[in-house]
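Hi everyone, thanks for coming. Let's walk through a structure together, starting with how its two chains meet.

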Amino acid sequence: MNAPTRVTAPASAAVGSAGRGNRLRRSTLLRHLAVALVAALLLVAASYGLEPFRNFQLATVAAYLCATAGLTVLTGLNGQLSLGHGALMATGAYTVALTQGRFLDSGVTSGWLLVVSLLASVLVTVAVGAVIGLAAARLRGPYLAGLTLAVAVVVPAVAITFDGVFGGEQGLSVPVEPPPLALGPYFPYERWQAWLAGAAMLLTMLLLANLVRSRFGRALRAVRDDEVAARLAGIHVGRTQVLAFVVSAGCAGLGGGLLAVLAQSVSPGAFSLTLSLFLLMAIVIGGLGSLAGAVWGAVLLVALPDLTHSVTELFTLSPSVAQRWEGNLPLAIFGVTLIVVMIAAPGGIHGLLTRAGRLLARRRRP
Amino acid sequence: MDRFVFLTFDGLARGAVYAAFALALVLIWRAARIVNFAQGAMAVATAYVAHSVSTATGSYWLGFVAALAAGLLLGAVVDVAVMRFVGHSSPLNAVIVALGLVLVIQAVLGIVYGNEFLPAPAPFDRTAFTAGGLVLLSPYDLFVFGAVGAVVLGLAWMFGRTAIGLRMRAAAFAPEVSRLLGVNVGGMLTLGWALAAGVGALAGMLVIPTELGLHPHAMDLVFVSAFTAAVVGGLDSPPGAVIGGLVVGLLLSYVSGYVGSDVTPLAVLALLLVVLLTRPGGLFAGVAARHV
């Protein structure tokens with residue numbers, strides 16, 4: 001994890017030779033830890049300031065962020081397009097549901113069970129991701145997209161085929177323990193959810209941010225930009241691609257597991273092809289090249305349905321018509337935005353913001 | 001034995017539809033090196049047009065013709081208004097834009113028609129003839145074979161025997177040289193998109209009555225099957241697409257007949273995986289390479 005200190009040494013030496021005060025700037029790990037700490041404090045503060053529903057939304061953003069960040073590593077940095085991440089999230093969600101159910105059946109109760117279930121969901125998705133990743137490493141562009149699309153379409157069918165295990169169309173409920181008593185008897189459940197998902201998200205982001213800055217991260221980008229050159233530079237292309245898929249699958253599994261915990265249920269309908277498309281939309285609109293783009297994407301995923309809901313409420317529509325608009329308008333807006341972003345601003349929101357920032361900086365410094 | 005015969009005919013009828021749909025994918029791939037992931041959604045949109053026209057006029061066939069016309073138009077519009085502006089820096093760009101189209105089309109259909117299943121009538125009887133105790137084909141199956149066969153022959157004639165087909169092939173194969181020789185390359189590309197979407201619309205009209213009904217997501221699984229068919233045949237080869245379609249149709253029919261219809265999506269995934277891992281260029285790649 002700490003490889004960057006060695007490899008980025010020349011670059012950071014050029015930036016700050018002044019030494020001591022720049023220690024934070026020089027060590028990627030320390031800098032990321034500091035950012036994570038600040039983010040954690042902000043999250044806790046926000047969770048006290050927000051009303052319960054907003055806390056739930058915050059938790060949902062955190063859950064999505066695990067998945068979009070993982071997908072950014074795969075698609076944005078490694079150039080492998082996956083339409084199957086909704087299916088991987090489903091894998092994580094069902095794993096959490098099944099493990100939690102098993103615990104409940106055997107009568108074990110402890111606050112740590114949830115952590116164990118979430119770890120199980122990561123491990124299972126990592127295994128599934130390794131299988132798909134092995135196939136993916138041999139495929140290019142549209143072929144990989146087609147294969148992962150098939151995965152996304154087929155996985156809900158699996159849940160329905162083996163309905164004895166997965167509960168068919170209705171899915172499974174996820175029994176979750178209340179917040180620990182140490183937090184006080186009246187600790188709001190939504191705040192607990194925000195903490196839980198926030199902690200998992202921060203851990204994921206910290207690991208991914210360091211990974212992206214490491215030697216492996218550079219290998220990822222090298223493979224994306226030019227496979228032949230990467231191979232000539234001694235990078236094992238296939239291994240890099242499989243690893244990228246495994247890492248990103250694990251993140252998706254964690255995100256799916258968190259979603260299951262938040263909703264306290266899983267069903268095939270929640271993990272349809274549309275979810276997979278949404279994840280891709282989110283990272284493209286957020287900005288493909290960086291983890292910051294994944295943050296924007298995750299926020300969009302939660303905020304957009306809410307926004308369109310308030311827009312449709314402005315018009316007096318009959319209930320059935322309003323329902324049609326409400327369900328479909330976010331889809332349409334996402335689709336149109338995606339096409340426009342892809343054609344006009346391939347850097348996404350993050351790209352636009354950095355460009356605006358650079359323009360401002362240039363104007364200030366003549 | 002009689003079950004096997006029935007499943008075979010049923011599979012061939014299904015396969016004919018996949019073949020037509022795979023052919024549409026192959027047409028765009030040959031013209032623009034794009035796999036049109038929006039093909040299914042576009043076909044569903046034309047089927048909704050057919051539904052509207054049919055309910056307004058009371059005639060199935062007017063709706064059928066309207067669907068084909070809407071397909072041609074939609075294909076041309078998608079090329080002229082969207083795909084032409086997509087950057088070619090990465091092959092992912094076109095795929096992502098096509099997926100955006102999927103969302104837009106499905107959302108608009110959901111807003112206009114609702115997300116419920118609408119009934120989709122078949123123009124002919126779907127109960128099969130029996131001969132000597134063997135269950136064979138339904139009149140509707142014969143209609144499917146006839147329609148797909150006519151399209152395949154028509155396309156073969158157009159690409160092989162007409163000047164416009166020659167120009168389309170030239171524009172796809174060597175755009176720069178064709179442009180110098182006076183071929184309207186952009187126009188040929190738009191024509192390719194229109195033709196492909198028209199064929200896709202036909203496939204949609206043929207398959208939707210045999211599925212649950214008309215729904216914005218009606219073609220999702222059909223698209224995956226057709227993509228598999230196109231990959232089995234190699235994305236570059238129209239005859240390969242037809243054979244691939246029949247292979248996929250037969251496989252799905254046997255699996256759903258002998259194992260269970262719930263398992264067919266898994267069978268498609270397995271076939272796609274096996275073909276991609278063993279012969280990513282398709283089963284007919286070698287033959288196609290020699291032709292070009």
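Before we look at the interface, one term: when I say contact, I mean heavy atoms within 4.5 Å. And please keep in mind that this is a predicted model.

By that rule, 42 residues of chain A are in contact with 43 residues of chain B. Putting the two chains together buries about 3600 Å², and carbon and sulfur atoms give 83% of that area. Which three residues supply more of chain A's buried area than any other three? They are Pro142(A), Tyr143(A) and Arg324(A), with 17% of what chain A buries against chain B.

Now, the elements on chain A's side. Those giving two or more residues are helix H8 (141-161), helix H14 (273-286) and helix H16 (319-344). H8(A) has the largest share, with 14 residues. Sorted by type, the chain A side has 32 nonpolar, 8 polar and 2 charged residues.

What about salt bridges across this interface? The rule finds 0 between chain A and chain B. Polar contacts come to 4 residue pairs, with both partners at pLDDT 80 or more.

Let me finish with some backbone angles. Most residues other than glycine have a negative phi. Gln264(A), though, has a positive phi of about 55°, and this residue is in the loop between helix H13 (237-263) and strand E2 (265-266) of chain A. Gln264(A) counts as partly exposed because its relative accessibility is 33%.

Over in chain B, Arg33(B) also has a positive phi of about 55°. Arg33(B) lies in the loop between helix H1 (2-32) and helix H2 (39-57), and is partly exposed at 48% relative accessible area.

Methods
Residues are numbered from 1 along each chain as its sequence is written. Chains are lettered from A and ligands numbered from 1 in the order in which they are written. This is a predicted model: local features need pLDDT of at least 70, side-chain atom pairs count only at pLDDT 80 or more; totals for chains, interfaces and linings use all residues. Side-chain values use heavy atoms; hydrogens and water are left out. Buried area is the accessible area (1.4 Å probe) that two parts lose on being put together, summed over both. A salt bridge is a side-chain nitrogen of Lys or Arg within 4 Å of a carboxyl oxygen of Asp or Glu. A polar contact is a pair of N or O atoms within 3.5 Å; within protein, one must be able to donate a hydrogen and the other to accept it, and residues adjacent in sequence count only if both atoms are side-chain atoms. Helices (H or I, at least four residues) and strands (E, at least two) are DSSP runs, numbered from the N terminus. Ala, Val, Leu, Ile, Met, Phe, Trp, Tyr, Cys and Pro count as nonpolar, Asp, Glu, Lys and Arg as charged, and the others, Gly among them, as polar. Buried means under 20% relative accessible area, exposed over 50%, partly exposed in between (1.4 Å probe, protein chains only).
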